[in-house]
Amino acid sequence: MPATLSNKVDSDRNEPDHGLRPPWRHLPVTKNAVRREQAKCENQNSSSTHQSFCGGTYSEVECVTEYQVVYDLMEASVSSMTDDNNLYMDDGVDGFPAFGFRPGSEVKQPYRLYLPEKLPAEFTLVATFKPTSFRTSYLFAVLNPFETVVQLGIRISDGPGSNQNVSLVYTNSDEHSHSEEVAKFTVPKLTKKWSKIVIKVSTSDVILYLNCHEMARQKVTRIPQELVFDTASTLYIAQAGPHIQERYDVSTVHRLSTIVFRKKTSSACWHEICFPLKST
């Protein structure tokens with residue numbers, strides 16, 4: 001990201017930067033940044049998206065309008081960067097930096113800093129990552145106060161043959177004592193290459209996209225439709241806490257976000273979310 005653009009974004013933030021502004025991050029989350037993105041959309045006569053070119057390289061930039069709200073979960077890694085030697089910066093997609101996780105990394109934050117109190121009935125999870133092994137692991141997990149149940153998460157596990165499984169974990173911890181995989185999809189092996197998954201959740205089904213190709217959809221009954229997190233729930237990145245563990249070791253993550261759509265998503269907006277990777 002050019003220095004002028006980075007400085008402009010940082011100048012709008014109320015919180016201190018500490019020199020750890022995530023350079024891979026293209027999605028604004030502060031109120032001033034949201035207003036600026038809305039103005040860009042209006043100026044470009046676009047109700048949903050716009051494009052940005054930084055140094056000649058296309059970068060995904062989504063206008064944050066009344067159509068969507070983006071929660072960037074990788075912000076939790078920024079907060080842990082200064083005191084976790086097992087968390088490091090690595091090369092990401094198209095030359096943008098990404099976070100790397102070694103065994104022993106510990107990215108743990110109160111969920112409320114990065115997610116809403118209640119997740120609506122329809123939402124989308126987006127992740128761009130490159131694992132180095134077949135080890136079963138969580139890309140992220142929101143755990144109940146006892147850290148025994150995953151309320152929301154993405155789990156990567158062994159599949160049939162040389163394939164792997166991508167699961168959406170969605171659990172009402174008031175009713176269940178074990179984590180519930182409400183949807184599980186089999187995909188070709190994901191190791192040692194960049195992959196982008198999009199999990200689109202509606203009131204009746206869950207759809208998995210891998211590198212912008214629809215892989216499968218499953219009819220799912222979720223109870224409740226709107227997931228209310230406990231006030232003491234915890235967000236873990238690249239693992240599921242001390243009891244469940246399933247750490248995402250020696251691997252890199254470029255993007256990890258939750259998108260909540262307040263209105264029906266336009267095809268142009270969805271194209272931006274699922275823009276294919278240029279680097280593998």
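How many of the 6 residues of strand 14 are buried? In this predicted model, 6 of the 6 are buried, so strand 14 is largely enclosed by the rest of the structure. Buried here means under 20% relative accessible area, exposed means over 50%, and partly exposed is in between (1.4 Å probe, protein chains only). Residues are numbered from 1 along each chain as its sequence is written, and because the model is predicted, local features need pLDDT of at least 70 and side-chain atom pairs count only at pLDDT 80 or more. Totals for chains, interfaces and linings use all residues, while side-chain values use heavy atoms, with hydrogens and water left out.

The protein as a whole has 5 helices and 18 strands; helices (H or I, at least four residues) and strands (E, at least two) are DSSP runs, numbered from the N terminus. Of its 280 residues, 54% count as buried. The accessible surface of the protein is about 12600 Å², and 49% of that belongs to carbon and sulfur atoms; these areas come from the Shrake-Rupley method with a 1.4 Å probe, and for residues only the protein chains shown count as cover. Among contacts with a separation of 6 or more, 67% are made by residues 24 or more positions apart, where contact means heavy atoms within 4.5 Å.

Strand 14 covers residues 205–210. In a regular strand, side chains alternate between the two faces of the sheet. Both faces of strand 14 are covered: Asp205, Ile207 and Tyr209 are buried on one side, and Val206, Leu208 and Leu210 on the other. Lys200 has Ile207 of strand 14 as its bridge partner, and the hairpin formed by strand 13 and strand 14 has 3 residues between the strands. Strand 14 also runs antiparallel to strand 15 (residues 213–219), to which 6 bridges join it. Within strand 15, Ala216 is the bridge partner of Leu208 and Lys219 is that of Asp205. The hairpin of strand 14 and strand 15 has 2 residues between the strands, and Asn211 in this hairpin takes a positive phi near 50°.

The nonpolar interior comes next. A nonpolar core is a set of buried Ala, Val, Leu, Ile, Met, Phe, Trp, Tyr and Cys residues joined through side-chain atoms within 4.5 Å. The largest such core has 48 residues, and Phe101, Phe140, Leu152 and Ile237 have the most contacts inside it. Strand 8 gives the most to this core, with 4 residues. A second, separate core has 7 residues, including Tyr138, Val150, Val169 and Ala240.

How many aromatic pairs does a search of the whole structure find? There are 2. Rings of Phe, Tyr and Trp (its six-membered ring) pair if their centres lie within 6.5 Å; planes under 30 degrees apart count as stacked, over 60 as edge-to-face and the rest as tilted. Tyr111 and Phe229 form a tilted pair, 5.0 Å centre to centre with 50° between the planes. Tyr111 lies in the loop between strand 6 (107–110) and strand 7 (118–119), and Phe229 in the loop between strand 16 (227–228) and strand 17 (234–237), so this pair ties together parts that are 118 residues apart in sequence. Tyr111 and Phe229 are both buried.

Phe123 and Tyr170 form a stacked pair, with 6.5 Å between the centres and 10° between the planes. Because Phe123 belongs to strand 8 (residues 123–130) and Tyr170 to strand 11 (residues 164–170), the pair ties together parts that are 47 residues apart in sequence. Phe123 and Tyr170 are buried. The charged end of Arg222 sits over the ring of Tyr170, 5.0 Å from its centre; this requires NZ of Lys or CZ of Arg within 6 Å of the ring centre and within 35 degrees of the ring normal.

Two glutamates complete the tour. Glu147, in the loop between strand 9 (137–143) and strand 10 (150–158), is buried, with a relative accessible area of 11%. Apart from neighbours within four places in sequence, Glu147 is in contact with Lys108, Thr234, Tyr236, Pro242 and His243. Glu75 is in helix 3 (residues 75–80) and counts as buried at 12% relative accessibility.

Definitions and conventions. Two strands pair if DSSP finds at least two bridges between them.
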